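Dear colleague,

I am handing over the structure below, and my notes on it follow. Please read them with the model open beside you.

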Amino acid sequence: MTSAVATSIDFSTFRAGFPVLREKTYLSICDKMILHDQVRASVDRFLDHLAHATAIRTEHEVLVTSSREKFARLMNVPAATVAAVRNVSDGVNAIAWAFDWKEGDNVVLTGDAEHPNNIYPWLRLRERGVEVRLVPAHADGGVDADALISAMTPRTRVLTAASATFAPGQRTDLAKLGEACAKHGAMLLVDGVQTAGIFAHDLIDLGVGAFATSTSKGLLGLYGYGFLYVDARWIDRLRPAYLSRAGIRALADDHSAMGGLDWNFQPDARRFEVGSFNLAGAYAADASLGLLLDLGINNIERHVLDLSTRFHEGVAAVGLTCASSGSGLRQSHILTLGQLDAGGHGFSSDPVITPISEALVAANVAHTIRRGQLRFGLHAYNNTDDIDRTLAVIREAVR
């Protein structure tokens, strides 16, 4: 079932670098990453530097620069448009508070298809007189691009959406949203944490104004480190709410020196960087991004979608139906079973879901329950054996 292109890539060697895959079937990248041996070795190298005082700040920060550049390559954007941040919430808030909002301006988003961390920052803008236009989700539980576009007005400054919903796992038509935002002169801000490192994103062609992600999922890094892409056409129109030495353009590379009271923002996305970097996260991301670039993001996407199709077909053979799409633009690496919102975080009132989840736990198959749905997430390290083993457990549980 794997495509001809994907089989020419050595996914098996990549897979062999994850110790946990020798212990369990891991189908939960939509929840959190697992560590490759090379990523852990990179973090160990950082810790050794700390333990033995064998590197100074600027030597550590070479890895911040390198990880920025590798993320930019993965996203096919200039490195100058990428800032190192802590996570999605950090990136979203950085953009939300960098606009010169006027009373009556509005933000458009889908309240019931976004993670709360891409909702609360916008709700707070009501304090500034900003209207938050909450649009219902599509019937399939994903982001309804047409409805979002219809909700835009001449006062829309930002339209924000997830690249894929955390549940039920539908991908979003970012190209359609980007085109509409360009016509309205609005920014398209994307929460890309569920798809970064798994699907190919040409952010410039898509018309994305800003893209926030952490490295704690598909980028296979650590918690507390991530990236914020800001289109070059937007950077000078945004004034960060927080400012530290990292965001200042200075002639000398000395983070502790003022160098005068006159200052200017960094001319690129680094203006959004605040304080000291999560250096362990930078070491990890530099290694994990190198692995992903070696595999090739287009190859990863094809491989993952082939596995997704195999899963959908197997579930249908058991007599069940995935809530997430099995083909077309909305299909993703996230696969969900059960009724949406029949339960919550870690529990379900759907009578089919709990016994299947219990069987999966007993079989050591990593998964989650979100919004009452049984949820799986695939990455490049997964293979057909993972899918077939999981389907066998589901088949037996249904019997």
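Is Ala380 buried or exposed? Ala380 is buried, because its relative accessible area is 0%, where buried means under 20% relative accessible area, exposed over 50% and partly exposed in between, with a 1.4 Å probe and protein chains only. The residue lies in the loop between β14 (373-377) and α14 (384-398); helices (H or I, at least four residues) and strands (E, at least two) are DSSP runs, numbered from the N terminus. Not counting residues up to four places away in sequence, Ala380 touches Phe11, Phe14, Leu295, Ile300, His303 and Val304, contact meaning heavy atoms within 4.5 Å. Its C-alpha atom is separated by 31 Å from that of His49, which is 331 residues apart from Ala380 along the chain.

Before the rest, a word on the basis of these notes. This is a predicted model, in which local features need pLDDT of at least 70 and side-chain atom pairs count only at pLDDT 80 or more, while totals for chains, interfaces and linings use all residues. Residues are numbered from 1 along each chain as its sequence is written, and side-chain values use heavy atoms, with hydrogens and water left out. The mean pLDDT of the protein chain is 94, and 95% of its residues reach 70 or more, pLDDT being the predictor's confidence in each residue, from 0 to 100. Over residues 1-7, however, pLDDT stays under 50, and the model has 14 contacts beyond four places in sequence for that stretch.

Turning to the helices, the axes of α4 (residues 57-75) and α11 (residues 279-295) come within 8 Å and cross at roughly 35°, the axes being lines fitted to C-alpha atoms, for helices over the stretch in contact, and the angles running from 0 to 180 degrees between N-to-C directions. The crossing of α4 past α11 is left-handed, a term used if the near helix is turned anticlockwise from the far one by less than a right angle, with clockwise giving right-handed. Among the residues that make the contact are His60, Glu61, Leu63 and Val64 of α4, and Leu279, Ala282, Tyr283 and Ala285 of α11. By class, the residues of this contact divide into 11 nonpolar, 4 polar and 4 charged; here Ala, Val, Leu, Ile, Met, Phe, Trp, Tyr, Cys and Pro count as nonpolar, Asp, Glu, Lys and Arg as charged, and the others, Gly among them, as polar.

Ser42 counts as buried because its relative accessible area is 2%, and, leaving aside neighbours within four places in sequence, Ser42 is in contact with Tyr283, Ala284 and Ala287.

In helix α5 (residues 88-96), the buried residues are Val88, Gly91, Val92, Ala94, Ile95 and Ala96, and they pack against α6 (120-124), β6 (187-191), β7 (210-214) and β8 (226-230). The N-terminal end of α5 is capped by Asn87, which has a side-chain oxygen 3.3 Å from the backbone nitrogen of Ser89.

Two buried loop residues may also interest you. His201, in the loop between β6 and α9 (203-206), counts as buried because its relative accessibility is 9%, and its side chain is joined to that of Thr195 by a polar contact of 2.8 Å, that is, a pair of N or O atoms within 3.5 Å, of which, within protein, one must be able to donate a hydrogen and the other to accept it, residues adjacent in sequence counting only if both atoms are side-chain atoms. Arg330, in the loop between α12 (297-318) and β9 (334-337), is buried with a relative accessible area of 19%, and its side chain reaches the backbone oxygen of Val143 at 2.9 Å. The C-alpha atoms of Arg330 and Gln170 are separated by 5.0 Å, although these residues are 160 residues apart along the chain.

Lastly, some backbone geometry. A cis peptide bond, with omega about 5°, joins Ala167 and Pro168, and Pro168 is placed in the loop between β5 (156-162) and α8 (174-184). Ala53, which is not a glycine, has a positive phi of about 50°; Ala53 is in the loop between α3 (37-52) and α4 and counts as exposed at 68% relative accessibility. Leu220 has a positive phi near 60°, and this residue, in the loop between β7 and β8, is buried with a relative accessible area of 3%.
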